[in-house]
Amino acid sequence: MSVDLNDYTIIKEGEAEILMHAKNEVFYNKTQVNNRDMSIAVLRTFISRQKQEHEALLSKRNKSGPKVPEKNGSISDVEDKHNESDMNNEKSNEECEGPEEKSQEEKFTTSEEPVKTEGKVRGELKPPRVLEALSASGLRALRYAREVEGIGQVVALDNDKGAVEACQRNIKLNGSVACSKVESHLADARVYMLTHPKEFDVVDLDPYGSPSVFLDSAVQSVVDGGMLMCTATDMAVLCGGNGEVCYSKYGSYPLRGKYCHEMALRILLACIESHANRYKRYIVPVLSVQMDFYVRVFVRVYSSASAMKNTPLKLSYVYQCTGCDSFHLQPIGRTVSKNTSVRYLPGFAPVVPQECSDCGKKFNMGGPIWSAPIHDQEWVTAILADVKSMKDGYPAYERISAVLTTISEELPDVPLFLSLHNLCATLKCTSPSAVIFRSAVINAGYRISGTHVNPLGLKSDAPMDVIWDIMRCWVKNHPVKAQPSDQPGSVILAKEPVLQANFARAVASLSKAQAKKVARFLPNPERHWGPKLRAGRQITSKHISLLGEEAVNGCLNHQDSERDAKRQKTEKTEDATSIS
């Protein structure tokens with residue numbers, strides 16, 4: 001099929017290039033460079049970790065023999081599960097001939113193919129096989145193939161014929177490496193993943209909108225110990241704009257607090273865990289990010305019926321006071337240990353009275369959300385180190401390194417966060433500086449950190465009564481005007497503080513990044529840095545707020561010139577017909 005290059009623009013990102021048609025036939029969003037760079041960084045770390053786990057397993061087996069005691073969630077558990085499915089794995093994913101036939105017949109896992117040599121078990125780790133379930137132009141798949149060392153086959157799927165043709169065109173444009181590693185298929189991602197169970201080491205979901213319809217098949221398609229990368233861009237739904245829609249899609253009810261973006265991350269994680277549990281699987285988050293206009297989570301998927309029982313311990317309901325900023329978590333489950341046995345029981349309830357003990361107002365209840373850690377700090381450190389060592393390899397280096405730096409300093413075991421400005425708005429008082437407030441919390445014997453989600457957000461393990469005592473002490477030194485007695489702020493300030501806050505500057509009140517003046521929250525690099533129009537939609541003047549005046553005018557001029565050319569062609573044809 002001949003291609004008129006005059007109708008296309010060549011877009012280069014990282015080491016990959018794609019042809020983009022002026023008519024918005026295939027979806028492409030420049031803003032997602034942050035998403036793609038972060039995914040490449042995580043994928044590199046995943047491949048490195050996979051090799052380390054494989055070598056550790058071989059070393060353990062060589063010492064103790066082929067039998068390894070089963071431990072839930074451990075490397076041995078993951079690899080033992082792989083060995084059960086090795087009978088179905090006949091070919092190496094390094095073969096490039098006949099990709100369409102191969103994808104239907106083979107079953108792949110990350111596990112090695114054991115070869116008995118001199119009484120010891122040895123194996124070779126296969127290059128990880130990646131599925132990009134919604135590929136559009138194929139840019140992400142091409143960047144994976146060209147930039148990630150040690151990667152295996154990358155399968156790019158799309159349900160749109162035009163997108164698949166564009167992807168195949170871009171594969172050829174990117175040369176022999178892309179042609180040998182990337183294959184594009186026209187298929188429904190859900191059906192494809194269901195017909196290829198436990199075949200892919202990495203499954204990447206980056207849909208336009210909600211990923212909820214893909215999660216059930218995605219958790220089945222990942223190998224044991226594999227990685228699931230998932231993006232959700234329906235932030236209005238996840239952040240409480242349409243709570244009933246969020247419940248129907250994700251099984252959780254959102255709350256509209258300052259922490260709503262982190263709650264969106266935790267709702268998505270809880271939803272993925274719920275889908276995984278149906279197949280005796282569970283997830284371990286390694287990185288969860290809120291950037292730009294979306295949330296992105298990276299989780300490892302394991303199979304273990306016994307470890308799956310711990311899921312209720314990782315989920316909680318949230319009680320948010322309607323009058324003040326107080327929130328409380330209600331764990332769904334708990335355990336009771338006796339000797340060597342563990343009993344799983346419902347969580348103790350209620351954690352809050354009918355009315356807020358701080359301001360006397362009622363509570364809204366949301367959730368369930370994922371209340372366990374959403375990052376693995378070892379992974380975050382390794383990813384950040386890799387990103388810093390390859391600055392030139394990441395077009396969005398400044399942004400992703402800033403986000404990772406902030407995440408590395410978050411308290412991992414504290415769900416959600418407070419907003420200092422909201423606390424002060426409730427009391428109608430002037431705001432203390434973040435350093436002063438952090439110092440007071442630290443001097444009271446608690447931990448506190450920032451959050452990557454909100455530059456004004458503060459995570460702390462201090463209970464709400466301690467937080468309000470600190471604010472009462474602050475108001476005593478910085479008096480406020482009298483307010484009506486029924487206002488939440490007046491009710492809170494009417495109580496005497498139990499804790500006498502110490503506002504002396506604490507050494508740990510500034511994080512290492514803040515002390516070194518490392519940039520953590522960067523402005524957008526250009527205007528209209530956000531979501532873009534869905535592929536196939538005609539661009540009109542009403543899309544200026546999304547795309548910018550220059551881009552819209554360029555598209556409209558192109559459409560006008562095409563219309564004129566078509567009209568002239570029609571007129572010539574009619575003239576020729578009338579003459580004959």
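Visitor: What should I know about the numbering and the model before I start?

Guide: Residues are numbered from 1 along each chain as its sequence is written, and side-chain values use heavy atoms, with hydrogens and water left out. The model is predicted, so local features need pLDDT of at least 70 and side-chain atom pairs count only at pLDDT 80 or more, while totals for chains, interfaces and linings use all residues.

Visitor: How do I read an aromatic pair, and how many are there here?

Guide: A pair of aromatic rings is described by the distance of the centres and the angle of the planes. Rings of Phe, Tyr and Trp (its six-membered ring) pair if their centres lie within 6.5 Å; planes under 30 degrees apart are stacked, over 60 edge-to-face, and the rest tilted. That rule gives six aromatic pairs. Take Y192 and F200: their centres are 6.3 Å apart and their planes at 35°, so this pair is tilted. Both Y192 and F200 are buried (under 20% relative accessible area; exposed is over 50%, partly exposed in between, with a 1.4 Å probe and protein chains only).

Visitor: Which parts of the chain does the Y259 and F327 pair link?

Guide: Y259 sits in the loop between α10 (243-250) and α11 (260-277), and F327 in strand β13 (residues 327-331), 68 residues apart. Helices (H or I, at least four residues) and strands (E, at least two) are DSSP runs, numbered from the N terminus. The Y259 and F327 rings are edge-to-face, at 5.3 Å centre to centre and 70° between the planes.

Visitor: And what about a nonpolar core: which residues touch the most other members?

Guide: A core is a set of buried Ala, Val, Leu, Ile, Met, Phe, Trp, Tyr and Cys residues joined through side-chain atoms within 4.5 Å. In the largest one, with 81 residues, L205, L228, I272 and F437 touch the most other members. Helix α11 gives this core its largest share, 11 residues. There's also a second, separate core of 47 residues, including W379 and I383.

Visitor: Last one: how do I read the sheet, and which strands are at its edges?

Guide: Two strands pair if DSSP finds at least two bridges between them. Here seven strands form an open, mixed sheet, ordered β7-β6-β5-β8-β9-β11-β10. The edges are β7 (182-186) and β10 (281-291), each pairing on one side only. Strand β6 (residues 154-158) runs parallel to β7, joined by five bridges, and L157 stands opposite H185 in β7.
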